[in-house]
Amino acid sequence: MKSELPELVNKVLKKIGRNMLVFQQIEKGLKVLLPYIHSDGSAKGIDSFWKYRKTATSKTLGNLINTYIESVDYDPDYFADELREIVAERNKLVHHFGGSEGLNILSTQEGCRTCITDLESQYQKANLFYKDITLFVFSVVVFLRENYAESNPNIELLYNKFKTDIISSGVEYINLNNPSETAWENTKIVKLLRLAESNTEKIGGMTSLATAGKFIKSQDPDCTPKKYGIKTLKGVLKASGLFEITENKNHVLILYKSKLTH
């Protein structure tokens with residue numbers, strides 16, 4: 001019987017590379033983000049900002065995460081422990097991978113499978129934090145786009161890249177100050193509006209917004225337009241740009257259907 005070992009070794013090596021990349025992306029994201037959210041960078045003038053930004057580029061992941069913990073308002077104990085575990089996992093990968101199993105950890109199928117399980121668990125933890133960092137960085141990019149895009153066209157390119165990444169990752173990004181920037185494709189309210197289309201009676205091939213509202217309330221009473229910075233479900237339909245809308249003359253009956261995607 002042909003040995004599975006070469007294939008398993010290859011899987012381990014691929015997962016090592018993937019995990020390393022995620023940790024590097026976390027580190028890169030923190031270096032971009034911290035000058036904007038830490039008081040030493042954001043609240044003491046432009047000179048302090050550039051000085052802090054330069055300092056951040058030389059910090060290690062452990063130092064960056066400690067600084068991040070200082071900068072955000074979360075439960076200090078639980079949040080700090082979770083993030084320090086990220087640092088521990090990164091150090092484990094870079095400095096101690098396979099140490100507990102000896103030098104020949106990849107010499108057996110069992111050893112490889114143990115590595116694959118550990119690396120997958122490590123990736124899931126790191127990727128959750130990476131998604132959080134991506135959202136924070138995107139918020140900064142949105143701010144820069146709104147205020148400095150005319151003087152720096154590269155900001156628009158960066159904005160489009162980040163938004164594409166966020167949409168493809170399925171993360172719910174909500175911008176209360178500017179709902180047009182919300183990643184509507186990933187929001188729960190849009191998913192429920194689409195779910196209502198297949199679970200309520202149609203009128204001329206379209207869905208009654210009033211009926212959809214009742215359906216959404218039955219599924220999740222807390223999922224309201226106000227959560228997204230909008231007053232009505234009709235406003236969500238318009239802001240998202242993902243639906244066709246039809247109204248009668250008195251605006252009493254509002255119908256909608258999802259636009260076709262290509």
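Is Phe136 buried, partly exposed or exposed, and at what relative accessibility? At 29% relative accessibility, Phe136 counts as partly exposed. The cut-offs are these: buried is under 20% relative accessible area, exposed is over 50%, and partly exposed is in between (1.4 Å probe, protein chains only).

This is a predicted model, in which local features need pLDDT of at least 70, side-chain atom pairs count only at pLDDT 80 or more, and totals for chains, interfaces and linings use all residues. Residues are numbered from 1 along each chain as its sequence is written, and side-chain values use heavy atoms, with hydrogens and water left out.

**View 1. Tyr68 and Phe129 form an edge-to-face pair.** The structure holds six aromatic pairs. In this one, the ring centres of Tyr68 and Phe129 are 5.7 Å apart and the planes meet at 70 degrees. Rings of Phe, Tyr and Trp (its six-membered ring) pair if their centres lie within 6.5 Å; planes under 30 degrees apart are stacked, over 60 edge-to-face, and the rest tilted. Tyr68 belongs to helix α4 (residues 61-71) and Phe129 to helix α6 (residues 109-148), so the pair ties together parts 61 residues apart in sequence. Helices (H or I, at least four residues) are DSSP runs, numbered from the N terminus. Tyr68 is buried, at 1% relative accessibility. Phe129 is buried too, with a relative accessible area of 5%.

**View 2. Tyr68 also pairs with Phe136.** Here the ring centres lie 6.1 Å apart, with the planes at 70 degrees, so this pair is edge-to-face. Tyr68 in helix α4 and Phe136 in helix α6 are 68 residues apart, and their pair links distant parts of the chain. Ring pairs join Tyr68, Phe129 and Phe136 into a cluster.

**View 3. Arginines sit over tyrosine rings at Tyr123 and Tyr159.** The charged end of Arg18 is 3.8 Å from the ring centre of Tyr123. Arg145 lies over the face of Tyr159, 3.9 Å from the ring centre. A charge sits over a ring if NZ of Lys or CZ of Arg is within 6 Å of the ring centre and within 35 degrees of the ring normal.

**View 4. Cys115 is in no disulfide.** A search of the whole structure finds zero disulfides (pairs of cysteine sulfur atoms within 2.5 Å). For Cys115, the nearest cysteine sulfur is that of Cys112, 6.3 Å away. Cys115 is buried, at 3% relative accessibility. Cys223 is buried, at 5%.

Methods
Helix = DSSP H or I, 4+ residues; strand = E, 2+ residues; numbered from the N terminus.
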